[in-house]
Amino acid sequence: MRAKKGQLSDQSRPDFEVVLASTLTLLGLIIGFTFSMATTRYDQRKNYEEEEANAIGTEYLRANLLPASDAVKVQHLLIGYLDQRILFYKTRRASQLQKINADTAQLQDQLWAAVQAPATAQPTPVIALVVSGMNDVLNSQGYTQAAWWNRIPYAAWGLLGAIAMSASAMMGYSIRNVKAAITLFILPLTVSISFLLISDIDSPRGGIIRVNPRNLMSLSQSLNNH
């Protein structure tokens with residue numbers, strides 16, 4: 001007996017199910033791989049936030065090795081720089097971010113000039129230690145910025161979407177009767193939730209899951225109470 005139009009025949013169904021199973025397996029592997037990419041980048045952003053706090057806190061203490069007037073200037077600039085770094089993590093507005101980046105760059109120039117002057121006037125190993133610490137402060141900001149730019153490529157999202165749509169279409173084509181069609185909503189719903197979670201983790205400024213600058217805020221509170 002011939003199969004109805006739009007339905008699989010009994011002879012072709014086993015081959016079709018093999019292809020469907022392979023497609024679903026591939027979809028699951030790519031989702032898992034993409035989720036791993038997103039969580040790795042999230043952990044990287046958290047680690048760099050901690051490193052920034054450590055670098056700024058260490059340089060604040062090392063600034064005491066400078067002459068008194070230079071030490072006060074560097075520490076005052078570091079507190080202002082720390083406030084800008086906290087705003088960098090908290091803001092969601094692109095317009096505000098541009099101002100934060102501009103103020104951060106200006107403060108970096110001032111910080112480097114503040115340690116360059118005494119280092120040039122008195123090039124001792126102790127002053128070199130302060131300069132090295134300032135270099136760590138500036139480098140940590142660059143590492144953080146690179147980590148925030150490092151996102152899942154759009155090509156990967158396109159591949160995920162294409163495989164997910166193919167798997168859903170094949171699932172629909174394999175349904176034998178209308179009563180079982182309710183199960184078709186399970187796969188798209190599950191995949192959509194997975195995509196939403198991955199996108200949320202991979203978006204540093206959007207969504208719910210974000211890096212909270214706890215180390216930077218704790219350092220700011222400690223320095224302001226100093």
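Helices α2 and α3 are roughly antiparallel to each other (angles over 145 degrees count as roughly antiparallel, under 35 as roughly parallel, 65 to 115 as roughly perpendicular, and the rest as oblique). A helix here is a DSSP run of H or I with at least four residues, a strand is a run of E with at least two, and both are numbered from the N terminus.

Before I go on, the model is predicted, so local features need pLDDT of at least 70 and side-chain atom pairs count only at pLDDT 80 or more, while totals for chains, interfaces and linings use all residues. Residues are numbered from 1 along each chain as its sequence is written, and side-chain values use heavy atoms, with hydrogens and water left out.

Back to the helix pair. The axes of α2, residues 68-90, and α3, residues 94-121, come within 9 Å and cross at roughly 160°. Those axes are lines fitted to C-alpha atoms over the stretch in contact, and angles run from 0 to 180 degrees between N-to-C directions. The crossing is left-handed (the near helix is turned anticlockwise from the far one by less than a right angle; clockwise would be right-handed). The residues making the contact include Leu 77, Leu 78, Tyr 81 and Arg 85 of α2, and Ile 100, Asp 103, Leu 107 and Leu 111 of α3. Contact means heavy atoms within 4.5 Å.

Now the whole chain. The protein chain has 7 helices and 0 strands. Of its 226 residues, 37% count as buried (buried is under 20% relative accessible area, exposed over 50%, partly exposed in between, with a 1.4 Å probe and protein chains only). Among contacts with a separation of 6 or more, 79% come from residues 24 or more positions apart.

Next, charges. How many salt bridges does the structure hold? There are 3, each salt bridge being a side-chain nitrogen of Lys or Arg within 4 Å of a carboxyl oxygen of Asp or Glu.

Take Arg 85, one of the α2 contact residues. Arg 85 pairs with Glu 52, with the closest N and O atoms 2.8 Å apart. This pair links distant parts of the chain, since Arg 85 is in α2 and Glu 52 is in α1, 33 residues apart. Arg 85 counts as buried because its relative accessibility is 0%, and Glu 52 is buried, also with a relative accessible area of 0%.

Asp 103, on the α3 side of the contact, bridges to Lys 99 at 2.9 Å, N to O. Both lie in α3, 4 residues apart, about one turn of the helix. Asp 103 is partly exposed at 21%, and Lys 99 is exposed at 56%.

Asp 202 and Arg 151 also form a salt bridge, with 3.3 Å between the closest N and O atoms. Asp 202 is in α6 and Arg 151 is in the loop between α4 (125-149) and α5 (154-174), 51 residues apart. Asp 202 is buried at 3%, while Arg 151 is partly exposed at 36%.

That brings me to Arg 41, in helix α1, residues 13-62. Which residues does Arg 41 touch, leaving out those up to four places away in sequence? They are Asn 150, Arg 151, Ile 152 and Asp 202. Arg 41 is buried yet has no salt bridge: the nearest side chain of opposite charge, Asp 202, is 4.6 Å away. For charge, Lys and Arg count as positive and Asp and Glu as negative, with His and the chain ends not counted.

Last, Pro 188 lies in α6, residues 186-202. Pro 188 counts as partly exposed because its relative accessibility is 31%.
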